[in-house]
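Please look at the model below before reading on.

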Amino acid sequence: MSEMECVMEIPEDAFNPVEPFLRMDRMPHIWCAGCGIGTTVNCFVRALLNSKADLDKVAIVSGIGCTGRVAGYAQMDSFHTTHGRAIPFATGLKLANPELQVVVYSGDGDLFAIGGNHFIHAARRNMDLKVICVNNMIYAMTGGQSAPTTPGHATTSTAPYGVFEPAFNLVSLAEAAGASYVARWTTYHVMQLARSMEEIFKKKGFCFIEVLSPCPTLYQRRNKMGDGLEAMKYYKKASKIRHGAPTSECALTKDGEIVVGKFVDRDRPDYLELLRSQMVESLGERYAEPEMACEDAEVTCSL
Amino acid sequence: MHADPKGVLTGVHFLDGDHACCEGTLAAGARFSAGYPITPSTEVVERFASRIPTVGGIFIQMEDELAASIAIQGAVWGGAKAFTVTSGPGYSLMMEHIGYAAMTETPCVFVNVQRGGPSTGLPTLPAQADMMQARWGSHGDYGIVALCPSSPQECFDLTIEAFNLSEEFRVPVMMMLDECVGHMTEKVVIPKAEEIEITPRRFTKEPPEKFHVYEPKENQVPEMVQAGAGYRFHITGLTHDERGYPNMNIDAQDRLVRRLQDKLKPLANGRGLCETENLEDAEVVVVSYGITARVAQRALQLARRRGIRAGKFRLITAWPFPLERIRELAGRVKAFVVPELNLGQMVYEVERAAAGQAAVLSVTHAGGGVHDPEAILNAIVEAARL
Ligand SMILES: Cc1ncc(C[n+]2csc(CCOP(=O)(O)OP(=O)(O)O)c2C)c(N)n1
Ligand code: SF4
Ligand SMILES: [Mg+2]
């Protein structure tokens, strides 16, 4: 503990560059001390800052869960949807208003259990969505039940004698389903994570970043893995950066090696490009470009 | 405001109800649809898929009905008018997102071409057994609108009405077809675009710094925004305050949930649509809707021939239910006869409205076909004898 103790004077005019990106009127947030979700949000904001994104044109969509609360704290058009359905909501939003940068920010249970079907189909379509999954290997919001990402031998509130179901390897799943970009980091890798996020803001198509993140309250503690700090030490020690590693070799275990890095970065036409070229091929001049969103919300919709 | 001529197929057509419904969506200004195939409703989106690329919009076939029913809501917040279409099992899957649309006040249209149930039931055959599900199928208290067309022409007309009501009240609106109406082919007249009234989305005129996304405005309905317009708003299915922020307190819940129902009161009282005949002297009134109203028409004719003073009350707006009008009739008629292609659903509402002032006879049918007019006639005769 002592190594963490430090006393810092905060000057009165201190300015946190992250604040303009967050709904400060909603602070304090709900996340526990030592939780990794806030760290990922910090990286997300850094990435937005560095990429000089126009926040009026960024929309964030979350499902339900501790991670699902991210949308509610982001100072931009933000949608807290239903459990598992952030991706299909984001799909409709993106197609109606393609100039938006649509980010999906949700948990491992949300995106890969109840929402797993939507994930693989959006990846298959190469929908231009930036999907960030905070993988805490557990259903945290509901009290620490097993997720499809919980590694074997870990215990959860619904697997008190240990998990024996094999877990998903998310990066391999994303690659196989067709994602254009696939990376994994941990909340220890804040610089790399922020850079990766910045990179996907610039990339077209379905992009996926898995962030391994501690849930000290419900996962680490039950599994005697210590607090948030212990998790950082483990991430630091066990991580190997291997860009381009075959995703099939990157499965996670309870306390083994964590392969991180950018695994996939490929160019495929995205959904809207595919749609357009097929329609032009079939319909020629008769094809009418989709016109759905009103340019200016103050102007009465002309459709 | 008038319809955009790009979507309006002006002319006299020979269309089935599903296709007419699709033309209604286009005339209403819908430019986005997400669907998942299911009999007997698929023709609506098949036609949309073939028409929309030349009108300027998108159809996407999603991976399931959960996806379809939330993708349309993403599109609405992106600025589009949007709808989805389904039947039977698909409608059951959409329930969570009907609740989400009600809670987030997302204007959108759900078309349900009813088939026999429960479960996979009778995929190709008619029923009207989703009427209570349409009203109450998602968890919690909320309000919706449901319209019941009886002909392909009404499938066109009422679909436009469905979009208009969804924009006015910011509720999900259910188009409750049945397999017969969906698959029957009749003359459909599509007017000129300038003869079609469209309710525009009620976008706010407030600047972002003054705007609260769920502040009740005219008729308790908040004003709309769309993503990308600089408002940086927040939408959640959690109980929320006027800023759209989650608020887990009893007062916030009470204020919000009551408003979600109460805002539909103008529709319940007076503005609901119905078709009536011979109510002036009626001693027996047949209350019906959809295809069953057309079968009942024959029974009404036969009853009049026998000298029974039978009147007709065809529900077009099934939800909100026209409680006041039925209650008023109950004070001066002997009985209501309520035939439906189910084991008794809307009849509960008629009973509730009649409140013992008049008898209520249910004429049930488990679905798969339509009533024999004789069955309805027998009930009318029995009611007249009371
Ligand atoms: C349809 C539905 N089923 C179940 C729930 C309950 N529920 C809320 S969050 C959650 C799991 C969240 O896990 P994850 O996505 O990993 O998010 P975390 O809390 O771990 O960040 C569940 C099962 C729900 N809200 N909706
Ligand atoms: S329960 Fe776990 S995931 Fe949720 S806020 Fe607490 S530490 Fe974070
Ligand atoms: Mg989780």
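Predicted model: local features only at pLDDT ≥ 70, side-chain atom pairs only at ≥ 80, totals over all residues.

Chain B is divided into domain 1, residues 2–195, and domain 2, residues 274–384. The contact between them takes 25 residues from domain 1 of chain B and 24 residues from domain 2 of chain B. The values for this pair of domains are listed here.

| Domain 1 and domain 2 of chain B | Value |
|---|---|
| Distance between C-alpha centres | 27 Å |
| Area buried between the domains | about 1,900 Å² |
| Share of that area from carbon and sulfur atoms | 58% |
| Residue pairs in polar contact | 18 residue pairs |
| Salt bridges across the interface | 2 salt bridges |

E186(B) forms a salt bridge with R294(B), and their closest N and O atoms are 2.5 Å apart. On the side of domain 1 of chain B that touches domain 2 of chain B, the elements giving two or more residues include helix 6 (152–169) and strand 6 (122–126) of chain B.

The next topic is the nonpolar cores. The largest nonpolar core has 104 residues, and the members that touch the most others are F79(A), L93(A), F208(A), F32(B), W77(B) and F336(B). Helix 3 of chain B, residues 65–77, supplies the largest share of this core, 8 residues. Domain 1 and domain 2 of chain B each give at least three residues to this core.

Leaving aside neighbours within four places in sequence, F336(B) is in contact with several residues, among them V285(B), I326(B), V350(B) and L361(B). Another core, of 50 residues, lies apart from the largest one and includes I138(A), Y181(A), V211(A) and C215(A).

Methods
Residues numbered from 1 in each chain as written. Chains lettered and ligands numbered in written order. Heavy atoms only, no water. Core = buried A, V, L, I, M, F, W, Y, C linked by side-chain atoms within 4.5 Å. Buried < 20%, exposed > 50% of the residue type's maximum accessible area, 1.4 Å probe, protein only. Helix = DSSP H or I, 4+ residues; strand = E, 2+ residues; numbered from the N terminus. Domains from an automatic or database assignment. Contact = heavy atoms within 4.5 Å. Buried area = accessible area lost by both parts, 1.4 Å probe. Salt bridge = Lys/Arg side-chain N within 4 Å of Asp/Glu carboxyl O. Polar contact = N/O pair within 3.5 Å; in protein donor to acceptor, adjacent residues only side chain to side chain.
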